[in-house]
Amino acid sequence: MPDSSAPLAILELELINAIGSATTVAEVQAVRVAALGKTGTISGLLKGMGAMSPDARREQGPMINGLRDRVSAALASKKAELDAAELDARLLSERIDLTLPARPRRKGGVHPTMQVMDEMIALFAEMGFAVAEGPDIEDDFHNFTALNFPPKHPAREMHDTFFLKPDPETGERKVLRTHTSPVQVRTMLSQTPPIRIIAPGRTFRKDSDATHTPMFHQIEGLVIGKDIHMGHLKTTLETFVARFFELDGVDARFRPHHFPFTEPSAEMDIRCDRSGGKLVLNEGDDWLEILGCGMVHPNVLRSCGIDPDEWQGFAFGMGVDRMAMLKYGVPDLRPMFEADIRWLAHYGFSAFAAPNPASGLS
Ligand code: PHE
């Protein structure tokens, strides 16, 4: 009887060699088709088994099946090997070296207003304030009524308000918020005291000259507790302003003022000297107005569902752009919003130098 396993052994050797020398997944696939595809050599042998005599099938069957199994296994392991090698090569080629220093800033940078907002948030966060936010488009209630602006009172005009078109159904006119104080209202309506928040954001007033732009930024502060008083307000703000300007302390005065939503109200000024054409804080006989503040008016607490006999607190608000100009010597307000890349290259900050009180603010 001829050795019927001889051609099978040769076929197997050829296939295993072909698989072994394949260097790509596509080559492995070509061997698979040639052997196990519809018209492949092993498929042909398997089909031929049907026409064999039972004896021949009993003898050849296990050999052909064994051949198919070994070739299949060799194909699978070669494919796995090539897949892994391909992945390794890709990972290697796509690798990013995170230890490389960032490329030097060529254009743009962090806007001084945003830099100063980050600085302020970092300082107030250290004092235990959380950040609260509210919408730029407000309703009359949050921007005015709940803040104790009397209805139809000219105080509403005082803010040079941008009114939106009336709602066709209700006639209600939304406003672009004229200050960040509506965030006080939103916070008191949605949280129960004690409260300690700051609210940085965009504000809008119909005003445009050398020291006013229609859009500017404010940061609001609100503290509500059982026995919060003016002493807390004074210490909080003096501590903040000193740290913000990186001074050991500030020579400040609180000048009586009026806001509908605080009673008593004050503006905080810092002693300064402008005589040398340059602003020097804590020296001289001039005063620099920094911010508005006061004790939250009982009517405001009541509008927000807080019992003024149980709770009281203080609030403050200041212009962020103005503080940025003062701190970083930006002489003119308007170019701050002209998006001129040359201006930003000069006054901007590196995006990689996130301000924090531990490593320095600026
Ligand atoms: N909302 C005031 C303004 O825009 C600032 C302010 C806030 C004053 C909170 C007192 C208390 O002028």
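Analyst: A polar contact is taken here as a pair of N or O atoms within 3.5 Å, where, inside the protein, one atom must be able to donate a hydrogen and the other to accept it. The model is a predicted one, and under that cut-off the side chain of Glu138 makes a polar contact with the side chain of Arg186, at 2.7 Å. Glu138 belongs to strand S2, which spans residues 137-138, and Glu138 is buried, its relative accessible area being 1%.

Turning to the ligand itself, the shell around the ligand holds 14 residues, of which His179, Ser181, Arg205, Gln218 and Glu220 come nearest. For three of these, a distance between polar atoms can be given. A polar side-chain atom of His179 is placed 3.0 Å from a nitrogen atom of the ligand, while an N or O atom in the side chain of Ser181 lies 2.9 Å from a nitrogen atom of the ligand. In the case of Arg205, a polar side-chain atom lies 2.9 Å from an oxygen atom of the ligand. On its own the ligand has 330 Å² of accessible area, and the protein covers 92% of this.

By class, the shell is made up of 7 polar, 5 nonpolar and 2 charged residues. Strand S5 (215-225), strand S9 (286-296) and strand S10 (312-319) each supply at least two residues of this shell, and the largest share, 3 residues, comes from S10.

The largest nonpolar core has 44 residues, and the members that touch the most others are Met120, Phe240, Phe316, Met318 and Met323. Among the elements that give two or more residues to this core are S5, S9 and S10, together with strand S7 (262-273) and the helices H5 (112-126), H9 (230-244), H11 (320-328) and H12 (341-347). The largest share of the core, 6 residues, is supplied by H9.

At the level of the whole protein, the domain assignment gives domain 1 as 8-93 and domain 2 as 112-347. The centres of domain 1 and domain 2, taken over C-alpha atoms, are separated by 77 Å.

How values were computed:
Residues numbered from 1 in each chain as written. Predicted model: local features only at pLDDT ≥ 70, side-chain atom pairs only at ≥ 80, totals over all residues. Heavy atoms only, no water. Domains from an automatic or database assignment. Near = heavy atom within 4 Å. Areas by Shrake-Rupley, 256 points an atom, 1.4 Å probe, with all protein chains shown as cover. Helix = DSSP H or I, 4+ residues; strand = E, 2+ residues; numbered from the N terminus. Nonpolar A, V, L, I, M, F, W, Y, C, P; charged D, E, K, R; others polar. Core = buried A, V, L, I, M, F, W, Y, C linked by side-chain atoms within 4.5 Å. Buried < 20%, exposed > 50% of the residue type's maximum accessible area, 1.4 Å probe, protein only.
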